[in-house]
Amino acid sequence: MKLNWAERLAVNNPLRPVQQRLEINWYRRRVDLPKGARILEIGCGRGAGSYLIKRAFSPAGCIHAMDLDIGMIRKAGTYLSPEAREGLSFFVADACRLPYRDRAMDAVFGFGVLHHIPDWQGALKEIVRVLEDGGIYFFEELYPALYQNCITRHILLHPRENRFRAEALKRAVAEAGLVMGTYLENPYLGILGYAEKK
Ligand SMILES: C[S@@+](CC[C@H](N)C(=O)[O-])C[C@H]1O[C@@H](n2cnc3c(N)ncnc32)[C@H](O)[C@@H]1O
């Protein structure tokens with residue numbers, strides 16, 4: 001689901017990359033990806049996270065970055081400088097139908113994406129399908145108490161049905177064939193974590 005004006009403001013603000021930098025550094029201290037790792041970011045938005053992922057995990061490699069919204073992909077073309085875009089390959093696609101063969105990626109990143117997808121379990125299956133055995137899914141997700149409370153439900157736009165909270169997300173992660181690694185979570189608000197494909 002594409003973002004409405006309010007959520008665009010929330011993710012395209014100057015503090016968002018600061019938060020993502022902290023989160024990616026948190027990942028970096030816990031996970032080492034192989035040299036030349038094949039990396040995909042789903043729901044990359046304007047590409048701030050893709051650039052930070054490249055710097056932290058694969059300075060000389062190539063990061064594939066996709067979003068459902070062509071407006072966001074166009075924004076990546078202006079938000080990032082040509083130097084920052086080096087090694088980043090942006091395209092439009094749906095996380096529920098990733099245009100890759102099985103086991104094509106060593107890592108998939110998703111910052112605040114699954115909770116925007118009506119069939120988020122389908123997207124999770126796709127992520128696992130394209131991950132190599134031993135590959136890592138890095139994720140930051142929000143729970144409905146944050147984005148669908150009595151105030152935010154009138155401002156932000158998200159699917160109303162089939163929502164996940166802490167337990168449902170972790171259960172779906174396990175059912176999809178991933179093993180949770182370390183995570184930081186507020187069970188009402190959201191989670192930052194990673195999981196490995198066994
Ligand atoms: C909350 S924004 C996060 C953007 C960026 N990852 C960030 O953290 O700043 C969620 C993004 O997911 C994208 N998105 C929503 N549904 C999607 C889908 N089915 N496939 C790919 N991207 C999707 C939206 O267009 C939006 O750019």
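This is a predicted model: local features need pLDDT of at least 70, side-chain atom pairs count only at pLDDT 80 or more; totals for chains, interfaces and linings use all residues.
## Exposure and asparagine 162

Asparagine 162 has 11 C-beta neighbours inside 10 Å, so the residue counts as exposed.

Where does asparagine 162 sit? The residue belongs to the loop between helix H8 (152-155) and helix H9 (166-175). Its backbone deserves a look too: phi of asparagine 162 is near 55 degrees, a positive value in a residue other than glycine. Most residues other than glycine have a negative phi.

## Arginine 103, another positive phi

Arginine 103 is not a glycine either, yet its phi is positive, at about 60 degrees. You will find arginine 103 in the loop that links strand S3 (88-92) and strand S4 (105-111).

Is arginine 103 buried, partly exposed or exposed? Inside 10 Å it has 16 C-beta neighbours.

Strand S7 (residues 190-197) has strand S5 (residues 131-142) as an antiparallel partner, and seven bridges join the two. Strand S6 (residues 178-186) also runs antiparallel to S7, again with seven bridges. S6 and S7 form a hairpin, with three residues between them.

## Around the ligand

Which residues come nearest to the ligand? Of the 23 residues around the ligand, these are Gly43, Gly45, Leu68, Ala95 and Phe111. By class, the shell holds twelve nonpolar residues, six charged ones and five polar ones.

## The overall fold

Stepping back, the protein has nine helices and seven strands. Its C-alpha trace spans about 45 × 40 × 30 Å along the principal axes. How does the radius of gyration fit a compact globule? For 198 residues such a globule would have a value near 16 Å, and the protein has 16 Å, so the two agree.

Of the 198 residues, 38% are buried. Among contacts with a separation of 6 or more, 70% are between residues 24 or more positions apart.

Definitions and conventions. Residues are numbered from 1 along each chain as its sequence is written. Helices (H or I, at least four residues) and strands (E, at least two) are DSSP runs, numbered from the N terminus. A residue is buried if 20 or more other C-beta atoms lie within 10 Å of its own, exposed if 12 or fewer, and partly exposed in between; C-beta atoms are placed from the backbone. Two strands pair if DSSP finds at least two bridges between them. A residue is near a molecule or strand if its C-beta atom, placed from the backbone, lies within 6 Å of it. Ala, Val, Leu, Ile, Met, Phe, Trp, Tyr, Cys and Pro count as nonpolar, Asp, Glu, Lys and Arg as charged, and the others, Gly among them, as polar. The radius of gyration is taken over C-alpha atoms; the globule rule is 2.2 Å times the number of residues to the power 0.38. Two residues are in contact if their C-beta atoms, placed from the backbone, lie within 7 Å.
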